[in-house]
Amino acid sequence: MPDLVGHDRLPSAFLVYLYLWHKAAASDGWRIELSHRAIADGTGLSKRIIQTAVHHLIRRKLLSANRETITAIPCYTVMRPWAKRMRS
């Protein structure tokens, strides 16, 4: 996770990931349905910054997003790639 801030130079992605982690941890299956506006309100970041951070997290495979339609609110799944390695 430190490479999101240091290497990628996107501290906003780290903040968005932590926010989604917190929200998804309380749900079943690490899934949460939130709009960009709801994430922006919860983190204090702008909607455009949220869009960039979410796109980056999806590209880094730390987050996946599914939508029923193009305008639907996405359902995010918070990925935890290190959790699998720790169990082995």
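**Ring cluster, salt bridge and sheet**

Tyr17 is buried, with a relative accessible area of 2%. (Buried means under 20% relative accessible area, exposed over 50%, and partly exposed in between, with a 1.4 Å probe and protein chains only.) The model is predicted: local features need pLDDT of at least 70, side-chain atom pairs count only at pLDDT 80 or more, and totals for chains, interfaces and linings use all residues. Residues are numbered from 1 along each chain as its sequence is written, and side-chain values use heavy atoms, leaving out hydrogens and water.

**Aromatic pairs**

- The whole structure contains 2 aromatic pairs.
- The ring centres of Tyr17 and Trp21 lie 6.0 Å apart with planes at 50 degrees, so this pair is tilted.
- Rings of Phe, Tyr and Trp (its six-membered ring) pair if their centres lie within 6.5 Å; planes under 30 degrees apart count as stacked, over 60 as edge-to-face and the rest as tilted.
- Both residues, Tyr17 and Trp21, sit in helix H2 (residues 11-25), 4 residues apart, about one turn of the helix.
- Helices (H or I, at least four residues) and strands (E, at least two) are DSSP runs, numbered from the N terminus.
- Trp21 is partly exposed, at 28% relative accessibility.
- Ring pairs join Tyr17, Trp21 and Trp30 in a cluster.

**Salt bridge**

- The structure has 1 salt bridge.
- Its partners are the side chains of Asp41 and Arg37, at 3.9 Å, N to O.
- The criterion is a side-chain nitrogen of Lys or Arg within 4 Å of a carboxyl oxygen of Asp or Glu.
- Helix H3 (residues 36-43) holds both Asp41 and Arg37, 4 residues apart, about one turn of the helix.
- Asp41 is exposed at 58% relative accessibility, while Arg37 is partly exposed at 44%.

**Sheet**

- An open sheet is formed by 3 strands in the order E1-E3-E2, with antiparallel pairing.
- At the edges are strand E1 (31-33) and strand E2 (63-66), each pairing on one side only.
- From one strand to the next, the twist averages 25 degrees.
- Axes are lines fitted to C-alpha atoms, for helices over the stretch in contact, and angles run from 0 to 180 degrees between N-to-C directions.
- Two strands pair if DSSP finds at least two bridges between them.
- E1 pairs with strand E3 (residues 75-78) in the antiparallel sense over 3 bridges.
- Ile32 has Tyr76 in E3 as its bridge partner.
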